[in-house]
Amino acid sequence: MTFGAGMTGLRGQTGDARAAALEAEWRGPALWWRLKPELGLEVTSRGGGDLWAGVAADIPVFGGWYLVPGVAPSAYAHGGGRNLGSAFELRDSLALEYRLGNDCRFGLEGAYLSNLGLGDRDPGTETAMLTVTLPLGWHSAVAQTANR
């Protein structure tokens, strides 16, 4: 499970389109090569939200660092935030994460939402997050290590 906190509505947008954002994302086991299913939810301080299901790759680059690109169709509701012109959006994301010995990760993630011109308008929006990833069952592994 990955949890993030950050801002949405960053590039070239007025202050009234910006909002604080929180996200939770589940990434499943690799299905093919390094591709994993992902399911996520983001909510904003302006009452907006985004729910997505797609795929992400888990690519080791050096040391304990990983690149995690993802793509997912999503259902978007702007609430009091930026109207993106459609409830259907495509979410592209890229994270850089550092893996610790207990498989927990810390990282930075950027994401972009666009309806690919399918809506009546397509302004798009960006999100930047600080993230922490905790493997499912991490608390059991930490407790077992502490009891040794």
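Predicted model: local features only at pLDDT ≥ 70, side-chain atom pairs only at ≥ 80, totals over all residues.

Colleague: Fine. How many salt bridges are there?

Modeller: The structure holds 9 salt bridges. The term means a side-chain nitrogen of Lys or Arg within 4 Å of a carboxyl oxygen of Asp or Glu.

Colleague: Which residue does Arg91 pair with?

Modeller: Glu23, in a side-chain salt bridge at 3.2 Å, N to O. Arg91 sits in strand E7 (residues 88–99) and Glu23 in strand E2 (residues 19–27), so the pair links distant parts of the chain, 68 residues apart. Strands (E, at least two residues) and helices (H or I, at least four) are DSSP runs, numbered from the N terminus.

Colleague: Is Arg91 buried or exposed?

Modeller: Buried, at 2% relative accessibility. Glu23 is buried as well, with a relative accessible area of 4%. The cut-offs: buried is under 20% relative accessible area, exposed is over 50%, and partly exposed is in between (1.4 Å probe, protein chains only).

Colleague: What does Glu97 pair with?

Modeller: Arg27 and Glu97 form a salt bridge at 3.2 Å, N to O. That pair ties together parts 70 residues apart in sequence, because Arg27 lies in strand E2 and Glu97 in strand E7. Arg105 also reaches Glu97, at 2.9 Å, N to O. Arg27 is buried, and so is Glu97. Arg105 is buried too.

Colleague: Why would such side chains pair up at all?

Modeller: Side chains of opposite charge can pair when their charged atoms come close.

Colleague: Which residues are linked in a network of salt bridges?

Modeller: The network links Glu23, Glu25, Arg27, Lys36, Asp58, Arg91, Glu97, Arg105 and Glu109.

Colleague: Let's look at Glu25. Where is it?

Modeller: Glu25 lies in strand E2. With a relative accessible area of 1%, Glu25 is buried.

Colleague: New topic. How many cavities of 30 Å³ or more turn up?

Modeller: The search of the whole structure finds 2. A cavity is a set of points, on a 1 Å grid over the protein atoms alone, where a 1.4 Å probe fits but cannot get out; lining residues have an atom within 4 Å of a point. Grid points are joined across faces, edges and corners, and a volume is the space filled by probe spheres set on the points.

Colleague: What about the largest cavity?

Modeller: The largest cavity holds about 120 Å³ of space. It has 15 lining residues, and the closest to its centre are Thr8, Thr44, Tyr76, Arg82 and Thr125. Strand E3 (35–44) and strand E4 (49–57) each supply at least two lining residues. By class, the lining has 4 nonpolar, 8 polar and 3 charged residues. Here Ala, Val, Leu, Ile, Met, Phe, Trp, Tyr, Cys and Pro count as nonpolar, Asp, Glu, Lys and Arg as charged, and the others, Gly among them, as polar.

Colleague: Which residues line the second largest cavity?

Modeller: Glu25, Arg27, Glu38, Ala56, Val68, Pro69, Gly70, Ser93 and Glu109. The volume of the second largest cavity is about 30 Å³. Strand E6 gives the most to this lining, with 3 residues.

Colleague: Last one. What is phi at Trp33?

Modeller: Near 50°, a positive value in a residue other than glycine. Trp33 is in the loop between E2 and E3, and is exposed at 57% relative accessible area. Asp103 has a positive phi of about 70°, although it is not a glycine. Asp103 is in the loop between E7 and strand E8 (105–114), and counts as partly exposed at 38% relative accessibility.

Notes:
Residues numbered from 1 in each chain as written. Heavy atoms only, no water. 1 Å grid on protein atoms, 1.4 Å probe; cavity = no way out; pocket = protein on both sides within 12 Å on 5 of 7 lines; lining within 4 Å.
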